[in-house]
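Have your viewer open and try each task before you read its solution.

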Amino acid sequence: MDSPQSERRVEGWAARDTTGILSPYSFTLRKTGAEDVAFKVLYCGVDHSDLHQMRSEVQTTNYPLVPGHEVVGEVVEVGPEVKKIKVGDLVGVGCIIGSCGECSSCKSNLEQYCSNRIFTYNGIYKDGKPTQGGYATAMVVHQKFVVSIPEKLAPEQAAPLLCAGVTAYSPLRQFSGLKGLKGGILGLGGVGHLGVLIAKAMGHHVTVISSSERKRVEALEHLGADAFLVSSDPAQMGQAIESLDYILDTVPAVHTLDSYLSLLKVNGKLMLVGVATQPLQFDAVNVILGKRTITGSFIGSMEETQELLNFWAEVGLTSMIEIVKMEYVNTAMERMERNDVRYRFVLDVAGSNLE
Ligand code: NAP
Ligand code: ZN
């Protein structure tokens, strides 16, 4: 790495247009500011949102775009006002790297809902430069948006927790302590499989609702779910009507909500986290007659992210990940899109040939 006085040259992989294909790309990072943490990227999880943004499907993407917001790295330099983190520490960065610090969301430690939040990539930083993510050799991030990886947690295990994990944890956290609740996890992918592990660790009875039979054995035997429903099978769905207190919906595509709403008990909650690129539909009667709620949730706060990492390490949970090199990333995207990953790709950035 260059000296702290100069901008850092970084090697990453970027999308250049709406095909979303990633290829090598060099760029520079800002100098390490007084409250900044500079780190060498070790691992970065591959999130479905990366693909949405690489193709400009959700909001307008500015190219070149270096994705990656499940980043774990080893600290190489800290600014003079950074107290809790030191060189050599393992740290993590999730989906946002800045916020206004003054609005009611920021003041309530819910900075992910700040309307001036700065996204880890495809954002504009305070210096006017585009932000670039963790599919690259290094990052510089303000200390407020850096979490510490607990010693007991392997860095590659920590990566998916920084977006997918906290996306499941933040809405589920409202139910922690309520043992015996019956929860549903809709869509067993990156977010969903972490949701199963977290909900089980909270003591809930967990039903996986999946689009096919393919994941039944893994869901029940490896992830410890209590029940498995195939959403396209009316008989299975019919038997589960009004049985669940909540459903965490992680589906990244358009789907009608009615069959899932009818699985909820009176007062049950359907919590949307999956991003559909077109509006979703539901019959109002399905909400009214069961006094049901449809709600949404966006990642988690920095506080919740640290809490999840500590919880994960304490309970000793293990996610199912597939570690791949950067050269494989375009294939990983294709496989993720066709629902062929068990259950999260994690890029071994430090072990890839980027320099
Ligand atoms: P993923 O690994 O691709 O998993 C999504 C799962 O949904 C799949 O494994 C599949 O599970 C199911 N699915 C996929 N296509 C489907 C379709 N057409 N119809 C029905 N089910 C389908 O994706 P992910 O990384 O977990 O992300 C899930 C979604 O959450 C994405 O839209 C992502 O952008 C979003 N996200 C949101 C937040 C947030 O803060 N709200 C944060 C992170 C990610 P089955 O095989 O079990 O059906
Ligand atoms: Zn704010």
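Helices (H or I, at least four residues) and strands (E, at least two) are DSSP runs, counted from the N terminus. Keep in mind that you're working with a predicted model.

**Exercise 1.** Find T250 and work out whether T250 is buried or exposed.

*Solution.* Start with the location: T250 sits in the loop that runs between strand 13 (244-249) and helix 8 (258-261). Next, check the relative accessible area, which is 13% for T250. The cut-off for buried is under 20%. T250 therefore counts as buried, given its 13%.

**Exercise 2.** Which backbone oxygen atoms does the side chain of T250 reach, and which residues does T250 touch beyond its sequence neighbours?

*Solution.* Take the polar atoms to begin with. From the side chain of T250 to the backbone oxygen of L186 it's 2.9 Å. A polar atom of that side chain also lies 3.0 Å from the backbone oxygen of G187. Polar contacts are counted within 3.5 Å, so both pairs pass on distance. Now skip the neighbours within four places in sequence and list the contacts of T250: L186, G187, V191, G192, V273 and G274.

**Exercise 3.** Describe the second largest pocket: what is its volume, and what lines it?

*Solution.* The volume of this pocket comes to about 320 Å³. Its lining has 19 residues, and nearest the centre you'll find T28, L29, P130, T131 and Q132. Sort the lining by element: strand 2 (22-29) and strand 8 (138-142) are the ones that give two or more residues. Strand 2 supplies the largest share, with four residues. Then sort by class, and you get eleven nonpolar, five polar and three charged residues.

**Exercise 4.** How many cavities of 30 Å³ or more does the structure hold, and how do their linings divide by class?

*Solution.* There are two cavities of that kind. Go through them in turn:

- The largest cavity has about 70 Å³ of volume. Around it are G94, C95, I96, L162, V166, I299, G300, M302 and T305. By class, that's six nonpolar, three polar and no charged residues.
- The second largest cavity holds about 30 Å³ of space. Its lining consists of N62, P64, L65, N122, G123, I124, P130, T131 and Q132.

To finish, look for names you've already met. P130, T131 and Q132 line the second largest cavity, and these three residues are also among those nearest the centre of the second largest pocket.

Methods:
Residues are numbered from 1 along each chain as its sequence is written. Chains are lettered from A and ligands numbered from 1 in the order in which they are written. This is a predicted model: local features need pLDDT of at least 70, side-chain atom pairs count only at pLDDT 80 or more; totals for chains, interfaces and linings use all residues. Side-chain values use heavy atoms; hydrogens and water are left out. Buried means under 20% relative accessible area, exposed over 50%, partly exposed in between (1.4 Å probe, protein chains only). A polar contact is a pair of N or O atoms within 3.5 Å; within protein, one must be able to donate a hydrogen and the other to accept it, and residues adjacent in sequence count only if both atoms are side-chain atoms. Contact means heavy atoms within 4.5 Å. On a 1 Å grid over the protein atoms alone, a cavity is a set of points where a 1.4 Å probe fits but cannot get out, and a pocket is an open set with protein on both sides within 12 Å along at least five of seven lines; lining residues have an atom within 4 Å of a point. Grid points are joined across faces, edges and corners, and a volume is the space filled by probe spheres set on the points. Ala, Val, Leu, Ile, Met, Phe, Trp, Tyr, Cys and Pro count as nonpolar, Asp, Glu, Lys and Arg as charged, and the others, Gly among them, as polar.
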